[in-house]
Amino acid sequence: MRDFGKGSTISRTSGTGSSASRRTVLAATAGVTAALAVPAVPARAAGSAGPDDRALRGLVSRMTLEEKVGQLFVMRVYGHSATAPDQADIDANLAEIGVRTAAELLDRYRVGGIIYFAWAHNTRDPHQIADLSNGIQRASLGLPRGLPVLISTDQEHGAVARIGRPATLFPGAMALGAGGSLRDAREAGRIGGAELRAMGIRQNYAPVADVNVDPANPVIGVRSFGAVPRDVAGLVAAQVKGYESAGIASAAKHFPGHGDTDTDSHVDFPTIGHTREEWFRLDAPPFRAAVRAGIDSIMTAHLAVPALDPSGDPATLSRPILTGVLRGELGYDGVVVTDSLGMEGVRKTYGDDRVPVLALKAGVDQLLNPPSLDVAWKAVLAAVHDGELTEARLAESVLRILRLKSRLGLFRDPYADEGSLRRTVGARKHLAVADRIAERTTTLLVNERRLLPLSRRTHRRVLVVGADPASPSGTTGPPTAVLAGALTELGFTATALSTGTAPSPEAVDRAVAAAAGRDAVVVATYNVTAASAQRTLVERLVATGVPVVAVAVRNPYDVARLPGVGAFLAAYGWTDVEVRAAARVLAGRVAPRGRLPVPVQRADDPARVLYPVGYGLTY
């Protein structure tokens, strides 16, 4: 057995936050980030004037003010079709946007972009998605002076995926961080990007460039590549290059960094307490790397960083942060897109009519998904009429957006192709690559008495219990059933019993009873806390004397609160590709190769590291 880690504790050092565990992460990564405060880089070549720049400037000059305002917005719309959505989606559109269809949305507001969501019923299957994309483009281009639409989505893979099977799903960012392969990260971006493009989607709001410094982070976590800025930077750059090679615009997010907070900006307004020096050392490197790699767009965060802007405004609305730091100090001249303007992090201080205007004044180009498009659109229009914004300022952003559309080929050919769709989306070779990448990410942290790999001779009868969180894409899982099915295919006799993320006493009793006569129990865990009933479940199962293996299907930090298990695997996600890879590791079909991309602190003393970055066992 090999142990990839060194040491088990890191002495506590001073930090800027209130959490001892957060300070420990800062200390654990400081040694590899101290040399990263490098000078600003030149403006990205992709943002400079291209051969068609004169034509694009002419196009902007001929646009009406209303058309310029429309180009700034990226909006949701309900329905599987651009012209004939289901009645329920028509009703939702009327209630939220005041239009019936995507075609009417384009006709009324001339929006420059549309974002797809599964909950908006945009992403049923690849052929439907391609048809929707083509319908949107036909509707927009059929208007007087019609322009192609930049269609986008959040396809991070792992915990955030809007499009599911039969499209290829890859392990999420932290899993790729555990694999540590720049080639795998780039390949995941290339293949994922090619499949998006085949469905008519040209902008993906990925990769996440946040460095997950705080283990208690409720919104980033496994969406981050890890806790070491240098490693995160390398993987971010690799993914940017992968998407670029597929003809997809990527978006590094969430600038200036959302990794060191225990507050979710969807529901509240976080503050990052880093000093300016800490920000440049910890948060900036992945964004610098993205700029160097030619990133097409950068997404803002709805949080305050007083060291960068003492006003306390959200970064999304901060000129010192977006124009001063991002454009000035980091040398970025590409498209800046807000995170969703419906999030509470940006709505806490200012009204929905002020937010889009202040964002544009700060240096934003694209305004994503305002709660009321009509309020936001009219507010920007009024700001120009009142002199708060100039039409020249709007034209600056519109030109950036049109340059991006031109680079992506949208003026030349905006449509999804049926032949490419059939050849590309969910191709057998793509699925095989995803499986191989996933196998290189699974991380073994505990293996008492060499319990793993499980032997079909001594541990044939396996009970799989635990959490079954909802599928990120709506097309995978439940994890316990997938895990049991995969073990059965590998020659075990495995049955599944879902006990949930908060198992009741009755569910725990059922699991304990079901463990009787089994050779091993596998427990899928999901964000185990000090008060979690999942701990009770595991403790009761361990007390039966049956060997217990825990598989963390989200945060690897679960291991610190489950000291009694015989073995512990971190899968970093609960989509099928990650869970099935964990099953192959359990069965010994492949050896565990992942290494922790984040440190895990002790539950009883968060100032001490239980498992450091780079730790991982194998067999």
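1. The second largest cavity is lined by Gln 155, His 157, Ala 167, Thr 168, Gly 192, Glu 195, Leu 196 and Met 199. A cavity here is a set of points, on a 1 Å grid over the protein atoms alone, where a 1.4 Å probe fits but cannot get out; lining residues have an atom within 4 Å of a point. Strand S4 and helix H8 (182-198) each give two or more residues to this lining. H8 gives the most, with three residues. Helices (H or I, at least four residues) and strands (E, at least two) are DSSP runs, numbered from the N terminus.

2. This is a predicted model: local features need pLDDT of at least 70, side-chain atom pairs count only at pLDDT 80 or more, and totals for chains, interfaces and linings use all residues. Residues are numbered from 1 along each chain as its sequence is written, and side-chain values use heavy atoms, with hydrogens and water left out.

3. The second largest cavity holds about 40 Å³ of space. A volume is the space filled by probe spheres set on the grid points, which are joined across faces, edges and corners. Its lining has three nonpolar, four polar and one charged residues. Ala, Val, Leu, Ile, Met, Phe, Trp, Tyr, Cys and Pro count as nonpolar, Asp, Glu, Lys and Arg as charged, and the others, Gly among them, as polar.

4. The largest cavity has a volume of about 110 Å³. Of its 16 lining residues, Glu 156, His 157, Gly 172, Ala 173 and Gln 239 are the closest to its centre. The lining of the largest cavity has 11 nonpolar, three polar and two charged residues.

Key: 1 Å grid on protein atoms, 1.4 Å probe; cavity = no way out; pocket = protein on both sides within 12 Å on 5 of 7 lines; lining within 4 Å.
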